[in-house]
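Terms are given their cut-offs where they come up.

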Amino acid sequence: MQVVGRQHRVLVTGVGVVSPLGLDLSSNLRSLVDARDAVARVRNFDVTKTRCKTAAQIPDGCLEDALGRRSSSHRLHRGARMAGMALREACDSAKGSTPELIVAGTTSGGMSFGETYYRRLLATKSRKGLARLVGNYTPQKSILDALEANRLRIPAQIVANACSSGSNAIGHGFELVRHGLRTCVVCGGYDTLCELVFVGFDSLQAATPEKIRPFDKNRSGLVLGEGAAFLILESEQYAVHRGAMALAEIVGYGVSTDTYHLTQPHPSGIGPKLAMQRALESAGLAAGAIDYVNAHGTATVFNDATEGAAISELCGRVPVSSTKSMMGHALGAAGAIEAAFSVLALSEQFLPPNINFVEPDPTWKFEVIGNNSRAARVNHVLSNSIGFGGTNATLVLKRV
Amino acid sequence: MNLFIQGIGAVTPLGPTALQTWLSLCEEQQAPKRLMANAVADRKYFACMVPGKFVSEAARQPRLRRSGTLSLLGAAAGFDAFADAGVKPGGGLSDRIAVVFAICSGGINYTHRLYHEIVTQGANAASPLLFPETVYNAAASHLAALLDVDGQSYTLVGDSSVGLSALHFATELLIMQPELDRCLVVGTEEADWLLSDAFASWRMATNQDRFEVYGRTYGTIFGEGAAAILIGRTGALEISCSSPGQPFFSVRDSESVATELFGNLLTEEPPEIIVSSANGTFADEVERKVFGRLSPFIPVYAPKPAVGEALGASALFEVAVAALALRHQRLPGTLCAGFKLPSVNRETRSLSASSALVTCVGFNQQVNAAKLRLT
């Protein structure tokens, strides 16, 4: 095994995003700048018996030819299509990179195939024709299909740390490159909307029948989203050697496990606070150096209270937004998509909005960016993810 | 940087601890099988289940009061690994230990129940108690809480090779973070009729009461259980090689990928024993061809006929068995072994071995291997 010596700078040289806000990075940028609301009534399953009726979805039509027209592509899960598209864009934008490993996050994998399997089983008792659903349902399969479609034969590490999976995947990839275990890693996450998870959040009354309003005094819960995002991370030495252009730099990663409860964070905010502190320490930065926080901001009463307390205590009057207000909560993909949005905030020098915001909560010191994006000088961004099971992950990104 | 196995834990259908399981394997015992039925369809499957009394200690933890079987098994194996290492879990570990879980099907019992409620009774009847336990990282969260870990807990998902991927992930954490003392890697799996039925539709599982390895491949029988490996910076049993694994994109492709991955480990400083993943599926044929060509005289032990195919737990269980074989200098006899692989170890015997290779050809496009060495 390799002995770890000096630390390397870790550059982001490629980004690919597929989200309800757009099918590539530039369309996502336009949506963020224009403060587009991508939340609409759920189309893929029945929501007549749930409190929440809405989610941010990617139309199936956009994904049909996502992985080309190879004979088996109709068998693939939507997650494979989203991941394949985002991976392709990331690799294309990093022109000539040769990733050695993929680290990807997900929470529900190909769950909708599991649902289809079970519904057909109940309806017919027969398993005829169901094998493809089993083979393509497992969470790693969409990533392997995305790799195959992009002609990448590299090892895959799939992290399922609930809603912080995407950030954990990027964070682990960052650490591997920073410590010299790898020179080029592709990392990110994917998740697709499915009935079981949608109903699950609804049963917990974490999903709202209203608009999603992160950090609003009258916030009432989350809405779900979906999507995929991947970042190509390279050591500076490798990127410079091959003449790659850097879009941003990742400088810090911190994690914590809040063991208070499986689904509720400790009310003090100690979980996200520890992750943020550790990320800042990892970056060698003081909290005052942060120009923008892309918050986890699910708009549930508990999440925003604890994350808000942590941001407020640590970063004071920093501008904060939750891009989930526009595209819902993409679970295992959220951290990856939000890291991609953080790269955009750094490269395009703007602050993404926090739409549906009406009334500030006087508890917190920080500034909620509000309903419109705005130009700003942004040198460092902190991106938070908080998940079930008490998993907290924070990334710190820097302008190059 | 050298990393070592400090503790070995397991709970299996054969025993509540790694040591008791090991003794049963050496006596060539086979776990009893229970027939699983379901009202959904008139198809029945055998499975090797863990008796409830094997996890009764874990079940007394208040945190695990409503948890699924998966979490109970994981906790039991984790505590067993600590006991084996002579390390007292709990206070003072905090951020000096990381927890890495390997999960394949996840909380399939609760997922099955929850979705059945949704489909048959409507979304408004779904239980809020079940949903959180269906999340892949629930078991890791519970064990982190019981161990008072406030630092890193990761859950890795994949096919039946995921345990080896998790083992490698843990070594990466320890290599990169000198402030970590140890990493506990746990693989866990629970049996369910739905899982067997789904895999049978995929022709990977059988409804018979036995399966053969390195012989006729007509599908596997599922088991449940958990295995845990406590890794640290000192010890006598080194993890001399681990890997994040390699994907394969077709069954035909799997042989060349396995040849490449296992090949280096078999030919450079060849191991003295192999603990394999043979389970009565195409994996047997892939391993047979590679072993037959590259290591025709290295004895192979396949533990799955004794305990069943426990997916998320299975690869780490193989690591546990390989570690115990080196520690006790014995190799159990493979049960239900066919005649296609002459080097399969058929009877329990004494060893004089200092290295072992663990191989896994996963169900769903992942291959992995790890190597252990006595120092």
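1. With which residue does B:D197 form a salt bridge? The partner is A:R127, and the closest N and O atoms are 3.2 Å apart. A salt bridge here is a side-chain nitrogen of Lys or Arg within 4 Å of a carboxyl oxygen of Asp or Glu. Across the interface of chain B and chain A the rule finds three salt bridges.

2. Basis of the notes. The model is predicted: local features need pLDDT of at least 70, side-chain atom pairs count only at pLDDT 80 or more, and totals for chains, interfaces and linings use all residues. Residues are numbered from 1 along each chain as its sequence is written, chains are lettered from A in the order in which they are written, and side-chain values use heavy atoms, with hydrogens and water left out.

3. Extent of the interface. In contact (heavy atoms within 4.5 Å) are 75 residues of chain B and 68 residues of chain A. The buried area, that is, the accessible area (1.4 Å probe) that two parts lose on being put together, summed over both, is about 6100 Å² between the two chains. Carbon and sulfur atoms give 61% of that area.

4. Polar contacts. Between chain B and chain A, 30 residue pairs are in polar contact, both residues being at pLDDT 80 or more. The term covers a pair of N or O atoms within 3.5 Å; within protein, one must be able to donate a hydrogen and the other to accept it, and residues adjacent in sequence count only if both atoms are side-chain atoms.

5. Composition of the chain B side. Helix α4 (residues 108-121) of chain B gives the most to the side that touches chain A, with nine residues. Helices (H or I, at least four residues) and strands (E, at least two) are DSSP runs, numbered from the N terminus. The residues on this side of chain B divide into 39 nonpolar, 27 polar and nine charged. Ala, Val, Leu, Ile, Met, Phe, Trp, Tyr, Cys and Pro count as nonpolar, Asp, Glu, Lys and Arg as charged, and the others, Gly among them, as polar.

6. Strand pairing between chains. Strand β5 (residues 156-159) of chain A pairs with strand β5 (residues 153-157) of chain B in the antiparallel sense, over two bridges; pairing requires that DSSP finds at least two bridges. A:I158 stands opposite B:V157.

7. Sheet in chain B. Three strands form an open sheet in the order β2-β3-β7, with mixed pairing. Its edge strands are β2 (34-38) and β7 (222-223). Four bridges join β2(B) to the antiparallel β3(B) (residues 41-48), and B:R34 stands opposite B:A47.

8. A salt bridge within chain A. A:D60 and A:R78 have their closest N and O atoms 2.6 Å apart. A:D60 lies in the loop between β3 (54-56) and α2 (78-93) of chain A and A:R78 in helix α2, so the pair ties together parts that are 18 residues apart in sequence.
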